[in-house]
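Visitor: I would like to learn how to read helix packing, sheets and confidence in a model like this one. Could you walk me through it?

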Amino acid sequence: MYQTLITAENSVEIMKLKQQDRENQEIRKRIYSEIELEGKKGESLLSSLLRSHIYVNAVCGGNGLCGKCGVRMLFGVTEATAADRKFFREEELADGMRLACESYPEGRCRIRILSGDEDDFTVVTDGVKPICGNGELSADVDQPDLTANFRYDIAIDIGTTTLAVSLVSCENAQIIHTVTGVNHQRAYGADVISRIQAANEGHLSELSCCIRQDLYENMLRLLHESDTVFAQIRKIAVAGNTTMGHILMGYSCETLGVYPFKPVDISLTQVSFADLFETETAAGNGAADNGHSGHPSHGTSESFIHGRESTEVILLPGISAYVGADIAAGLLACGFDRTDQVNVLIDLGTNGEMAVGNREKILVTSTAAGPAFEGGNISCGMGSVPGAVSRVEIRDAETAGSPDGGDDSVRISTGAEARDIVCRTIGGKAPIGLCGTGVIETVYELLKQEWMDVTGLLDEAYFDNGFILAESPTGENIVFTQKDIREVQLAKSAVRAGLETLLLRYGVTYSEIGTLYLAGGFGDRIDLRKAAGIGLLPEELLEKTVAVGDSALRGVVDFLRDTQSEERLEQLIRVSGEIQLASDTNFNRFYMEYMLFPEC
């Protein structure tokens with residue numbers, strides 16, 4: 001056994017300071033609390049933290065490959081490993097920086113968790129207008145006042161990376177308020193395969209506890225921020241991919257990861273709030289109060305749930321082991337069951353699910369896109385949080401300016417070959433990393449400037465140390481490397497090859513497609529022209545592409561609103577057939593073809 005004293009960041013105070021070169025720059029002053037826990041002999045720090053429900057970012061699943069689970073060891077410092085030396089400079093190693101997954105303390109130690117701000121995710125949710133049955137975006141409607149006379153539903157989308165929880169009016173089905181956050185299961189790996197593996201290696205209970213706690217705390221935050229009490233909630237509806245649904249319900253994941261990929265249950269499931277969240281209800285907000293989970297505390301949970309333990313929780317039905325309730329909900333939101341026109345839905349997330357079809361026939365599939373489009377497996381990648389670079393443009397120095405995109409832009413300019421690299425960050429904050437849209441735009445700009453060729457090879461000037469986009473407030477360079485480009489190539493090739501395979505199998509051409517709905521957490525903030533410019537989307541469908549944001553969440557809202565939604569979902573699932581890409585020769589051919597970038 002070993003003891004670990006953890007100094008964890010659990011709150012942030014924004015201060016205004018005047019500096020010589022940066023007037024009134026916002027900086028964050030961290031406030032720390034200490035937690036003591038015991039680790040087992042031969043157990044890594046990461047495993048010890050997870051066992052204690054303290055979640056850190058580990059998108060590689062704790063295999064020493066991503067470098068995201070860094071902690072600072074204050075005493076009891078372990079020997080630096082090869083993986084540590086790969087991700088930390090010598091001065092950082094000397095300062096105690098280590099990967100939690102690579103550190104195996106032999107005695108008492110003290111660490112500081114450097115959580116950053118990735119709990120403060122920006123996910124495209126209630127900023128997206130509802131999608132009508134004809135596939136058009138509807139007009140804005142007035143939102144009702146929050147009063148005790150209204151009753152509400154809660155709509156939830158469980159993403160592999162992020163969560164979205166919305167308060168929905170029962171009167172007119174409009175989204176009143178939405179909170180978003182990180183899915184802390186990412187401490188077990190970035191994709192569903194790593195989650196399945198973790199569940200099958202004895203961590204199912206921990207994974208279930210993790211997602212239930214995340215949902216519970218986000219619901220409390222939703223009610224707190226909207227000045228609503230749980231007694232006003234009629235029902236809760238949830239969508240997510242099949243793996244997320246299995247973990248939430250505590251189902252075995254053993255058959256999800258092996259042929260023939262049979263889920264335990266993907267039918268519409270109804271449980272009571274108390275049955276699903278019993279542990280979290282009993283615990284109240286203890287984890288948050290102790291700073292374990294990184295979430296804010298919103299008072300005693302009993303005030304929200306008293307007398308409503310029987311409130312119904314509905315898990316929407318899925319289509320298959322790898323095309324889940326989130327895609328079924330997206331099809332519902334986009335009105336696939338109400339059109340004769342052949343449309344396309346692509347969910348640009350970790351699992352790359354997509355569908356082609358209409359009311360008569362739908363083909364669906366998923367492709368291992370990986371987390372690159374959500375900032376995962378990227379050297380300086382991160383989620384869509386304040387300070388993440390989301391827009392990138394390389395211009396002539398004399399014409400450079402802030403990229404288009406809103407008042408929250410901040411101009412960060414660094415010279416390169418008589419060019420200016422102009423970046424915009426989320427919230428206009430100082431740059432701290434690169435999110436998914438920034439990844440796509442960086443690749444496009446490098447290709448346009450011919451600083452990267454169509455094979456993805458970086459110019460010799462940037463090959464070894466990467467292309468510098470910006471400098472963080474701590475003086476560290478935010479770079480985009482050759483390895484990052486390869487991650488993007490794998491992801492965009494998988495998505496494009498999956499789309500081309502579905503179109504071929506369905507027997508339609510680009511000209512026969514009515515609308516391509518592009519969904520995802522950053523769906524309506526993506527620059528479609530640049531996405532097509534790197535070959536992620538077909539240029540021929542650019543004018544037919546509509547970014548719809550979180551279509552799964554919208555579909556859950558439609559489910560709550562429409563009395564015929566259950567029958568509509570059943571019909572969508574009934575006419576859907578899954579294409580297995582692993583054994584499809586056309587997919588393999590397309591995958592190699594679209595590995596190359598187009599000529600810019």
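Guide: Gladly, and let us begin with a helix pair. Two packed helices are described by the angle between their axes and the distance between those axes. Here the axes of H13 and helix H17 (residues 585-593) cross at roughly 140 degrees and come within 8 Å. Axes are lines fitted to C-alpha atoms, for helices over the stretch in contact, and angles run from 0 to 180 degrees between N-to-C directions. H13 is therefore oblique to H17; angles under 35 degrees count as roughly parallel, over 145 as roughly antiparallel, 65 to 115 as roughly perpendicular and the rest as oblique. The labels come from DSSP runs numbered from the N terminus, helices being H or I of at least four residues and strands E of at least two.

Visitor: Which residues of H13 and H17 make the contact?

Guide: On H13 they are Leu490, Ser493, Ala494, Ala497, Gly498, Glu500, Thr501 and Leu504, and on H17 Asn586, Phe587, Arg589, Phe590 and Tyr591. Contact means heavy atoms within 4.5 Å. By class, seven of the residues are nonpolar, four polar and two charged. In this scheme Ala, Val, Leu, Ile, Met, Phe, Trp, Tyr, Cys and Pro are nonpolar, Asp, Glu, Lys and Arg are charged, and the others, Gly among them, are polar.

Visitor: Before we go on, what kind of model is this, and how are residues numbered?

Guide: This is a predicted model, in which local features need pLDDT of at least 70 and side-chain atom pairs count only at pLDDT 80 or more, while totals for chains, interfaces and linings use all residues. Residues are numbered from 1 along each chain as its sequence is written, and side-chain values use heavy atoms, with hydrogens and water left out.

Visitor: What is the mean pLDDT of the chain?

Guide: The mean is 82, and 78% of the residues reach 70 or more; pLDDT is the predictor's confidence in each residue, from 0 to 100. Where pLDDT is low, the predicted coordinates should not be read in detail. Over residues 8-33 pLDDT stays under 50, and the model has 57 contacts beyond four places in sequence for them. Residues 282-301 also stay under 50, with 42 such contacts.

Visitor: How do I read the sheet, and in what order do its strands come?

Guide: Strands of a sheet pair through backbone hydrogen bonds, either parallel or antiparallel. Here six strands form an open sheet with mixed pairing, in the order E22-E21-E12-E13-E14-E23; two strands pair if DSSP finds at least two bridges between them. Strands E22 (545-549) and E23 (576-578) stand at the edges with a single partner strand each, so one side of each has no neighbour in the sheet. On average, neighbouring strands are turned by 20 degrees against each other, direction ignored. E12 (residues 343-347) and E21 (residues 516-519) run parallel and are joined by four bridges, and Leu345 has Tyr517 as its bridge partner in E21.

Visitor: Which helices lie across E12?

Guide: H13 (residues 482-506) lies across E12, E13, E14 and E21, at about 25 degrees to E13. H10 (residues 325-333) lies across E12, E13 and E14, running at about 140 degrees to E12.

Visitor: At what angle does H10 pack against H16?

Guide: H10 and H16 (residues 565-574) pack at about 110 degrees, with axes 10 Å apart, and are therefore roughly perpendicular. Ala328, Ala329, Leu331 and Leu332 of H10 meet Ser565, Arg568, Leu569 and Leu572 of H16.
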